[in-house]
Amino acid sequence: MTTTATAAPAAATTPAAPCPLPGGLQALEDEAVHILREVAGQFERPVLLFSGGKDSALVLHLMRKAFLPEALPFPLLHIDTGHNFPEVLSFRDLAARAAGARLLVARVQDSIDSGRVRERPDGLRNTLQSTTLLDALSHHRFDAVIGGARRDEDRARAKERVFSLRDEFGQWNPRRQRPELWHLYNGRHQPGEHVRVFPLSNWTELNVWRYIAHERIALPSLYLAHTRRVVRRADMWLAEYPHLTLRAGERYEERTVHYRTVGDVTCTGAVESTADDYARIVTEVATSRTTERGATRADDRISQAAMEDRKREGYF
């Protein structure tokens, strides 16, 4: 596990746009800012889980709005599978520097080398992240972990509250969910437990893109249409990558694609698209009938309960 200390040029994240947000987005922003301030008030050692993807970039932007002109009160934590898109890693470092945030990196490869987890025969590492995450939380004694997960992404995530209690093993029990009437959030927990916090719970993918477009939030370049060598597998376009082994009959070809979500290169698919700016992506998402995870994440297609099973093990 390594720590990257950062100090920031003012470039990657943009301040608030000059024109007011549309009503629906303003209400979502106000709710998220309130949640982040509740975290600062109720917990001693919070952290933002930061992948460099669009949702975590949005939460980082909201954190700056919530606490400016003060420095960010939480560090950033990235669980590095070792199979990340280079564009995302570059953006991760730039965004952390621009925000003046301390960036912590916990690596799945370190968990493999220490014998904490075993490499899977298929090479996928998304399911191995839970152990690395829980070890990092224990090492740094974080008591609240902020993430960009949304209820519209998956049925399992739709069950979670904004403040989601995890036991001393990092496990999630739907029966221990607490009521959150009138936007009152209960962060109480026993020693060894922690709370996962989801300020974007009530956002949709379309809300996210409309807000990103309005606020001009910088993102990794692969979210915009570009030409890439890809292979067709399970109705997805997977990028050429050293850890992706071609199967019989498969071949790489060049396509114009973009990504709706980012993760492990070996299981995160692209979609064919010419959407090369945020406005076009908003239009594209508005007509889509599937969530980004359902459309482009192979690890979530294993079974209908795949996400819930992983969340019970400590996955975000």
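1. Let's start with Tyr211, which is buried at a relative accessible area of 0% (buried means under 20%, with a 1.4 Å probe and protein chains only). This is a predicted model, where local features need pLDDT of at least 70, side-chain atom pairs count only at pLDDT 80 or more, and totals for chains, interfaces and linings use all residues. Residues are numbered from 1 along each chain as its sequence is written, and side-chain values use heavy atoms, with hydrogens and water left out.

2. There are 7 aromatic pairs in the structure (ring centres within 6.5 Å, using the six-membered ring of Trp). In one of them, Trp203 and Tyr211 sit 5.3 Å apart between centres with planes at 80°, so they are edge-to-face (over 60 degrees). Trp203 is buried as well, at 1%.

3. Trp209 and Tyr223 also pair edge-to-face, at 5.7 Å and 70°. Trp209 belongs to helix H7 (205-215) and Tyr223 to the loop between H7 and strand S8 (226-233), so the pair ties together parts 14 residues apart in sequence. Helices (H or I, at least four residues) and strands (E, at least two) are DSSP runs, numbered from the N terminus.

4. Trp209 returns in the contact of H7 with H8, where its partners on the H7 side include Leu206 and Ile212 (contact: heavy atoms within 4.5 Å). The contact residues comprise 9 nonpolar, no polar and 2 charged (nonpolar: Ala, Val, Leu, Ile, Met, Phe, Trp, Tyr, Cys and Pro; charged: Asp, Glu, Lys and Arg; polar: the others, Gly among them).

Definitions and conventions
Phe/Tyr/Trp six-rings, centres within 6.5 Å; stacked < 30°, edge-to-face > 60°. Buried < 20%, exposed > 50% of the residue type's maximum accessible area, 1.4 Å probe, protein only.
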